[in-house]
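Welcome! Try each task before you read its solution.

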Amino acid sequence: INAGLLEQDGYMHAEFASHNQPNGLIKGKPMLVSKNPADVIPESDVLMMPLPSFTYTSTLTDIKPYLHEGQTLCVTPGQGGFDWIAQDILGPELLSKITVVGLMPMPFNCRI
């Protein structure tokens, strides 16, 4: 991710069709990019997980200690039984404190 950001002056780009709001080219800079969930998750309000379904279990296990009340966890694609995996890994108590969203299709998925 860092290498891709450097190629674009530190910005991520998203292009939205004219009938959407916002529309056109939208650019933004991540405040922090890290492989360590402890660096980024505690301060995050919305967590986007554009991941294949076979990674859900390991990813949820890794981030669970850093999730807290009020966060929104969005997975894309939304199929693959994410809600069942989240129930198993995160448990009902934590799930009652966060919002889980399944998004389809995969608007943020890319290969790096």
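**Exercise 1.** Is Pro30 buried, partly exposed or exposed?

*Solution.* Keep in mind that the model is a predicted one.
- Step 1: Find Pro30 in the loop between strand S2 (24-28) and H2.
- Step 2: Take its relative accessible area, which is 30%.
- Step 3: Compare with the cut-offs: buried means under 20% and exposed means over 50%. Pro30 therefore counts as partly exposed, because its relative accessible area of 30% falls in between.
- Step 4: Look at what surrounds Pro30. Not counting residues up to four places away in sequence, Pro30 touches Leu5, Gly10 and Met12.

**Exercise 2.** In which order do the strands of the open three-stranded sheet stand, and which of them are at the edges?

*Solution.* 
- Step 1: Read off the order, S3-S4-S5, where the pairing is parallel.
- Step 2: Count partners. Strand S3 (46-50) and strand S5 (99-102) each have a single partner strand, so they stand at the edges and one side of each has no neighbour in the sheet.
- Step 3: Zoom in on one pair. Strand S4 (residues 72-76) pairs with S5 over four bridges in the parallel sense, and Thr72 has Thr99 of S5 as its bridge partner.

**Exercise 3.** Why do the buried residues of helix H3 lie on the same side?

*Solution.* 
- Step 1: List the buried residues of H3 (residues 56-63): Tyr56, Thr59, Leu60 and Ile63.
- Step 2: Look at the arc around the axis. These residues cover an arc of only 95°, which puts them on the same side of H3.
- Step 3: Recall a general rule: an α-helix has 3.6 residues a turn, so residues three or four places apart point the same way.
- Step 4: See what lies over them. The cover includes helix H2 (37-40), S3, S4 and H4.

**Exercise 4.** Which element gives the largest share of the largest nonpolar core?

*Solution.* 
- Step 1: The core has 16 residues; among those touching the most other members are Met49, Leu60, Leu73 and Leu90.
- Step 2: S3, H3, S4 and H4 each give two or more residues to this core.
- Step 3: The largest share, six residues, comes from H4.
- Step 4: Beyond its neighbours within four places in sequence, Leu90 is in contact with Leu60, Lys64, Leu67, Leu73, Leu95 and Ile98.

Terms used:
Residues numbered from 1 in each chain as written. Predicted model: local features only at pLDDT ≥ 70, side-chain atom pairs only at ≥ 80, totals over all residues. Heavy atoms only, no water. Pairing = 2+ DSSP bridges. Buried < 20%, exposed > 50% of the residue type's maximum accessible area, 1.4 Å probe, protein only. Arc of directions from axis to C-beta. Contact = heavy atoms within 4.5 Å. Core = buried A, V, L, I, M, F, W, Y, C linked by side-chain atoms within 4.5 Å.
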